[in-house]
Amino acid sequence: MATNRWLATGNFFSSYREEQRIFFTALDRSALLAAVCLLALWPLLVTIDSKFMLVIDTILVAVVAVLGLNLVTGFAGLISIGHAAFVGIGAYTVASFARLLGENHVVLTHAWPLLILLGGLVGAAFGALVGLPAMRLKHLYLAIATLSFQMIFQWVINFMDFFNQGQTIAIGRVAWPGGTVTRGQHYLFWYYIILTVIVVLAFAVRNLLRTRYGRCLIAVRDNDRAADAMGMHPGLTKVYAFALAGFFAGVAGGLQAYLYRGVGIESFTLHHSINYLAMAIVGGLGTLHGAFWGPAAIKALDLLVESFSSWVGEILTISGNLATAFKPLSFGLVIVLFLMFEPRGVANWWRIARSYVKQWPFRY
Amino acid sequence: MTQLLVSEVTLTFGGLNALTQVDMTIAPGIITSVIGPNGAGKTSLLNCISGFYHPTSGTIAYGDHDLTQAPPHRVSTVGIARAFQNLELFRGLSVLDNLLLARHRHLDYSLWHAVVFLGKASQREAENRHYVEKVIDFMELEPYRKSIVGNLSYGVQKRVEMARALTLAPQLLLLDEPMAGMNIEEKEDIVRFILDLKKEWSVTIVLVEHDLGVVMDISDAVYVLDFGQVIGAGSPAEIAVNRKVIDAYIGEE
């Protein structure tokens with residue numbers, strides 16, 4: 001039967017292989033391809049100042065981290081309040097090389113892809129370690145266990161001479177086949193690197209979710225008693241979930257270390273952990289693209305509040321920084337509002353908009 | 001011949017004896033029912049077999065495997081599947097996903113294959129899907145394939161529960177009150193499924209059920225529990241005239 005490859009009106013699969021496809025129509029695939037191309041090309045078309053590029057880069061690093069957090073909290077249902085600590089593990093893995101070898105050693109400047117990967121692996125190892133209490137603890141108690149890891153991490157870094165007691169450890173400029181990345185190229189270079197990492201990791205997650213390694217996460221979230229009866233070790237599955245999240249966080253940490261060209265404890269505090277959690281919630285827990293919406297939305301909110309407060313400051317002629325007052329307020333308000341009115345996050349709006357466009361002009 | 005051997009199993013919770021010296025042999029390929037009044041220990045016995053409880057004393061053996069202290073995920077690996085009395089489905093997932101999940105132990109590709117999703121993982125998942133479709137076909141769940149389980153009616157959810165246990169491809173299936181709370185028509189369906197399972201899939205079935213009519217009609221062997229003790233065992237005909245059983249459970253007209 002001839003079917004329209006671009007617009008599907010129903011299910012015309014003739015094999016189970018076809019049903020596994022990520023993109024059901026050629027339109028879906030092209031749309032994503034176009035979006036990725038657009039993301040890759042726009043910096044070449046417009047001139048951007050580096051401050052704006054840094055914001056974009058920061059969002060993208062957060063996307064990597066939230067992808068991981070979404071796996072453990074969204075899909076496996078284990079609340080992790082220590083995610084920034086895992087990001088920190090990745091960053092400090094890179095930083096430890098800088099401390100040992102010097103910030104401009106060839107390992108740091110040339111083998112940076114390996115170091116970022118290593119950051120991920122160390123993150124995964126710590127994730128598994130922190131996940132061990134999940135064998136016994138559940139729900140709130142497990143969340144507190146992850147919180148304690150956050151505290152231990154901060155404390156250890158603050159008191160270790162090797163890590164400069166939490167003060168910034170500088171990381172050198174990296175080299176790539178085209179030479180050393182200069183000051184002007186820095187943010188653009190990392191934009192492309194992080195974008196590549198995101199595309200690779202997002203496809204990895206998408207693939208994972210259609211196999212037993214993804215399904216077991218959802219199984220322990222929904223009903224770990226039944227998961228047990230279905231032949232999954234619930235405890236080990238949870239440890240594995242934490243290891244996965246640790247890997248993503250570690251990679252994000254490695255990227256962040258290179259992006260900021262320095263590692264300091266102030267980027268990996270409890271505040272950041274909560275921020276990641278907020279991004280995951282606002283984006284939409286348990287959805288893949290929620291990991292993209294969340295960081296973008298929270299960051300956009302930050303910028304919005306900043307410009308709003310400077311505007312208010314001008315009108316009311318108030319001395320002092322209004323943004324510091326408005327930021328926590330708006331942040332808390334947004335989380336509460338999302339939890340109350342849209343617990344499925346921005347991802348749900350996307351789903352609604354998508355199905356509306358798909359079915360137009362029909363209602364359903 | 002014995003497929004499952006439960007010998008002298010005692011299960012105590014503090015001072016309460018849930019099961020006392022329970023002996024049970026289950027022969028392959030037949031339907032064995034466990035009946036008894038509420039609180040007699042039927043579900044506790046199933047919990048012991050499927051690994052959610054571990055007997056205080058006594059042993060449970062399945063072929064060469066000693067299952068006395070085995071956790072549930074190991075019990076399911078040797079070929080015993082269980083359908084729960086109170087629905088324990090993955091409520092937020094579709095029927096299809098619920099069943100795909102149950103094939104966890106049959107999928108042997110590595111994490112790396114899963115991430116790349118080319119070759120082995122993709123092929124195994126297609127086979128997995130094919131097997132699941134066979135179960136869907138058998139349990140007549142076609143209309144609900146893509147429905148979210150939590151939204152389905154109770155009777156259908158019960159059927160999904162049974163289908164999910166079946167998807168594990170067990171040799172021994174433990175059914176805990178599969179007909180509880182169903183109307184006569186749904187009961188007839190389930191009975192038909194159970195009989196077909198025995199005949200076509202040659203699965204051994206252990207059935208816990210309150211509907212005596214059903215039990216007496218379809219069982220090959222019956223065990224009667226009361227206060228955690230076996231008070232009668234034998235064919236349905238023998239049970240029907242067993243004095244102790246009549247006094248404890250069946251009653252007289």
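Start by selecting E1(B) together with strand E4 (residues 57-62) of chain B: five bridges join the two strands, which run antiparallel. This is a predicted model, with an ipTM of 0.83 and a pTM of 0.88.

**The four-stranded sheet of chain B**

The four strands make an open sheet in the order E2-E1-E4-E5, with antiparallel pairing. Which strands are at its edges? They are E2 and strand E5 (65-66) of chain B, each of which pairs on one side only.

Now go to the pair E1 and E2. Strand E1 (residues 4-13) of chain B and strand E2 (residues 16-26) of chain B are antiparallel and are joined by seven bridges. Leu4(B) has Ile26(B) in E2(B) as its bridge partner. Follow E1(B) into the hairpin that it forms with E2(B): two residues lie between the strands, and Gly14(B) has a positive phi near 60°.

**The six-stranded sheet of chain B**

Next select E6, E7, E8, E3, E9 and E10 of chain B. In that order, these six strands form an open sheet with mixed pairing. Strand E6 (80-83) and strand E10 (229-234) of chain B are the edges; each has a single partner strand, so one side of each has no neighbour in the sheet. On average, neighbouring strands of this sheet are turned by 15° against each other, direction ignored.

Within this sheet, show strand E3 (residues 31-35) and strand E8 (residues 204-208) of chain B. The two run parallel and are joined by four bridges. Select Ile31(B) to find Ile205(B) of E8(B) opposite.

Helix H1 (residues 42-50) of chain B lies across E3, E6, strand E7 (172-176), E8 and strand E9 (221-226) of chain B, and runs at about 150° to E7(B).

**Chain B as a whole**

Chain B has 10 helices and 10 strands. Its radius of gyration is 19 Å, close to the 18 Å that the globule rule gives for 253 residues, so chain B is as compact as a globular protein of that length. The C-alpha trace of chain B spans about 65 × 40 × 35 Å along its principal axes. Of its 253 residues, 44% count as buried. Among contacts in chain B with a separation of 6 or more, 66% are between residues 24 or more positions apart.

Colour the chain by pLDDT. The mean for chain B is 85, and 99% of its residues reach 70 or more. Where in chain B is confidence lowest, and where is it highest? It is lowest in helix H10 (residues 243-250) of chain B, with a mean of 78, and highest in E8(B), at 90.

**Where chain B touches chain A**

Show both chains. The contact takes 31 residues from chain B and 25 residues from chain A. On the chain B side, the elements that give two or more residues are helix H2 (72-78), helix H3 (95-101), helix H4 (111-116) and helix H5 (120-138) of chain B. H5(B) gives the largest share of that side, six residues. By class, the side of chain B that touches chain A has 16 nonpolar, eight polar and seven charged residues.

**Two stops in chain A**

Select helix H4 (residues 83-101) and helix H7 (residues 139-159) of chain A. They pack at an angle of about 35°, and their axes are 9 Å apart. From H4(A) the contact takes Ala84(A), Ala85(A), Gly88(A) and Tyr92(A); from H7(A) it takes Phe149(A), Gln150(A), Phe153(A) and Ile157(A). These residues divide into six nonpolar, two polar and no charged.

Last, centre on Ala323(A), in helix H14 (residues 322-341) of chain A. Neighbours within four places in sequence aside, Ala323(A) is in contact with Val305(A), Glu306(A) and Ser309(A). To end, draw a C-alpha to C-alpha distance from Ala323(A) to Val46(A): the two are 29 Å apart in space and 277 residues apart in sequence.

Conventions
Residues numbered from 1 in each chain as written. Chains lettered and ligands numbered in written order. Predicted model: local features only at pLDDT ≥ 70, side-chain atom pairs only at ≥ 80, totals over all residues. Contact = placed C-beta atoms within 7 Å. Nonpolar A, V, L, I, M, F, W, Y, C, P; charged D, E, K, R; others polar. Pairing = 2+ DSSP bridges. Axes fitted to C-alpha atoms, helices over the stretch in contact; angles between N-to-C directions. pLDDT = per-residue confidence, 0-100. Rg over C-alpha atoms; globule rule 2.2 N^0.38 Å. Buried ≥ 20, exposed ≤ 12 C-beta atoms within 10 Å, placed from the backbone.
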